[in-house]
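Here is a friendly walk through one protein model, written for someone new to reading structures. Keep the picture at hand as you read.

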Amino acid sequence: MRLSAFEFVFIFTILNDVFQITMTMPEPLQEYFPEIGHDLTLVTWEHAVNSKEKLKKALTGDSLMLEADITLGYLEDDVTKELRPIMAHPPRNTSDLSLENFLDIFSKSGVRKGIKLDFKSREAFSHSQFILEAAFYGKDMNYPVWLNADIIKGPVNSDVEPVDADYFLSRSVTKFPVATLSVGWTTRFGDDIDKGEYTVKMIEEMTDALNRNLVTSAVTFAVRAGIAAQSYEQLSNLIGSSVPGSTLTIWSSSPNDKIDFHLLRRLIDGIGRDKVYLDLPPEMIVDLSFPIVSGTDIGKQSPLVSAALLALGSSFLAR
């Protein structure tokens, strides 16, 4: 069967597009950062990269992964007052950096880092899809990309509304299959609340959501450190029954969180450092690895703790 010139050009264009997409797929994190080996706790994080200044600083910093929040809002000094995805954490709804600008600046920087995009609402994710599609199918996205959302209501009697699980998962699976899915539970913890756990019911609600939306790739489960430390059995079972390669990302952003570091170390050691990311402030990394740190101990620290100590020192000098 002979092809017309039009048919030949059409097929060639499609195949070329597929080839380009394949060539620009984001690399798995461990392949992109071979220096971490099988120890995921060595991955370092920069939080709340939600402004041009913070992005500029993060691009020249030492952190391997940049985390940024996406909400619907307005660009500062935008006279049109157009509602769009911006880099901000609620309740803030203004920023000098849009999601589109963030991705453009990051991609053009050429730095060897990855990004974690934390969507704060269904609406923020919905309005971001065209922007994400343009980025994913461009030629510059060859770095790790995580799409994160809290999709299940969690401990302790959290009153935060989760992102619609079915909407987030179904769109992510069909439109952005090469991204790493990071999914978590809404939480209420800290201050006067220091007891709580991820219950069996909460775990089942998460796995049910993943199964009914046909999530067959490995995911990372975002769990709050103080609560995760009290949920050893449930989280061990979750990782053991999930798609091979699935991980925990243990996070904490509040100094008011009360964390039993002995129990947290038990969880990390039990699940394995090849399955656990630590997205924690530097002072918590130090407390987690060495409850008492003296000047003579510094030379004996792991690379992660040494980096945490340097970050603490820089923070102190900057005050």
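## Before you start

This is a predicted model, in which local features need pLDDT of at least 70 and side-chain atom pairs count only at pLDDT 80 or more, while totals for chains, interfaces and linings use all residues. Residues are numbered from 1 along each chain as its sequence is written, and side-chain values use heavy atoms, with hydrogens and water left out.

## The whole chain

The protein chain has twelve helices and ten strands. Here helices (H or I, at least four residues) and strands (E, at least two) are DSSP runs, numbered from the N terminus. Of the 319 residues, 48% count as buried. Buried means under 20% relative accessible area, exposed means over 50%, and partly exposed lies in between, using a 1.4 Å probe and protein chains only.

Among contacts between residues at least 6 apart in sequence, 67% join residues at least 24 apart.

## Strand S6 and its neighbours

Let us look at strand S6, residues 145-153. Seven of its nine residues are buried, so S6 is largely enclosed by the rest of the structure. S6 runs parallel to strand S5 (residues 114-119), and four bridges join the two. Two strands pair if DSSP finds at least two bridges between them. In this pairing, Ile-115 stands opposite Val-145 of S6.

S6 also pairs with strand S7 (residues 180-186), again in the parallel sense, over seven bridges. Here Asn-148 stands opposite Ser-182 in S7. Together with helix H6 (residues 165-175), S6 and S7 make a right-handed β-α-β unit. Right-handed means that, with the strands pointing away from the viewer, the path from the first strand over the helix to the second runs clockwise.

At what angle do helices H10 and H11 pack? The angle between H10 (residues 261-271) and H11 (residues 282-289) is about 80°, and their axes are 9 Å apart. Axes are lines fitted to C-alpha atoms, for helices over the stretch in contact, and angles run from 0 to 180 degrees between N-to-C directions. H10 and H11 are therefore roughly perpendicular to each other, a label for angles of 65 to 115 degrees (under 35 is roughly parallel, over 145 roughly antiparallel, and the rest oblique).

On the H10 side, the contact is made by Phe-261, Leu-264, Arg-265 and Ile-268, and on the H11 side by Met-284, Asp-287 and Leu-288. By class, this contact has five nonpolar, no polar and two charged residues. Ala, Val, Leu, Ile, Met, Phe, Trp, Tyr, Cys and Pro count as nonpolar, Asp, Glu, Lys and Arg as charged, and the others, Gly among them, as polar.

Is Leu-55 buried or exposed? With 1% relative accessibility, Leu-55 counts as buried. Leu-55 lies in helix H3 and touches Val-49, Leu-66, Leu-97, Phe-102 and Ile-105, leaving aside residues up to four places away in sequence. The C-alpha atoms of Leu-55 and Leu-97 are separated by 9.2 Å, although these residues are 42 residues apart along the chain.

Gln-129, in helix H5 (residues 122-136), is buried too, with a relative accessible area of 4%. Leaving aside residues up to four places away in sequence, Gln-129 touches Tyr-167, Arg-171, Lys-175 and Phe-176. Gly-37 is found in the loop between helix H2 (29-32) and S1, and at 32% relative accessibility counts as partly exposed.

Most residues other than glycine have a negative phi, and most peptide bonds are trans. Ala-48 has a positive phi of about 50°; this residue lies in the loop between strand S1 (45-46) and helix H3 (52-59). Asn-157 also has a positive phi of about 50°, and counts as exposed at 66% relative accessibility.

Which kind of peptide bond runs from Pro-90 to Pro-91? This bond is cis, with omega near 10°, and Pro-91 lies in the loop between strands S3 (84-87) and S4 (94-95). The bond from Pro-155 to Val-156 is cis, with omega near -10°. Val-156 is in the loop between S6 and H6, and the place of Asn-157 is in the loop between S6 and H6 as well.

How values were computed. Contact = heavy atoms within 4.5 Å.
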